[in-house]
Amino acid sequence: QVQLLESGGGLAQEGGSLELSCVASGSVYAMNAMSWYRQGPAQQRELVAAINPNGRTNYANSVRGRFTIPRDNARNTTYLQMRALKTEDTAVYYCQAEIAARMGPILEYWGRGTQVTVSV
């Protein structure tokens, strides 16, 4: 069974930095894209950043230039490095990954989310 576990959320001041981590554990045979989504209060979940196995990245306009999504394929881990945080970055951040377990089909997995709160 495959699981995604996020860590690193918490409280930061406006202009500060935080780093989130997401580790895929279990019977991971192959992994495609890994992504971070977020859902703010009374908002729909939105894509923040994504990275494919070759390192190609995609960012939401609202975070481009402030957030970075590196990836460690050997550790089945991705990160979300956030800097110059704004109060509007406050949200629950979710890790999502496309994973094939034990040579099965590629399925979409989600973490449980980690809260990021940015204060003035």
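Author: A salt bridge is a side-chain nitrogen of Lys or Arg within 4 Å of a carboxyl oxygen of Asp or Glu. Keep that in mind as we look at this predicted model.

Reader: Happy to! What makes aspartate 89 and arginine 38 a salt bridge?

Author: Their side chains meet at 2.9 Å, N to O, and the cut-off is 4 Å, so the pair qualifies. Aspartate 89 lies in the loop between E9 and strand E10 (91-101) and arginine 38 in strand E4 (residues 28-39), so the bridge ties together parts that are 51 residues apart in sequence.

Reader: Which residue forms a salt bridge with aspartate 89, with the closest N and O atoms 2.8 Å apart?

Author: That is arginine 66. This pair also links distant parts of the chain, 23 residues apart. Arginine 66 has 10% relative accessibility, so it counts as buried.

Reader: How do you know that salt bridges join these residues into one network?

Author: The bridges share partners, and the network holds Arg38, Glu46, Arg66 and Asp89. Glutamate 46 comes in through arginine 38, with the closest N and O atoms 2.7 Å apart.

Reader: And why is glutamate 46 called partly exposed?

Author: Its relative accessibility is 32%. Buried would need under 20% and exposed over 50%, so glutamate 46 falls in between.

Reader: What makes asparagine 73 and arginine 71 a polar contact?

Author: Their side chains are joined at 2.5 Å, and the limit for such N or O pairs is 3.5 Å.

Definitions and conventions
Residues numbered from 1 in each chain as written. Predicted model: local features only at pLDDT ≥ 70, side-chain atom pairs only at ≥ 80, totals over all residues. Heavy atoms only, no water. Polar contact = N/O pair within 3.5 Å; in protein donor to acceptor, adjacent residues only side chain to side chain. Buried < 20%, exposed > 50% of the residue type's maximum accessible area, 1.4 Å probe, protein only. Helix = DSSP H or I, 4+ residues; strand = E, 2+ residues; numbered from the N terminus.
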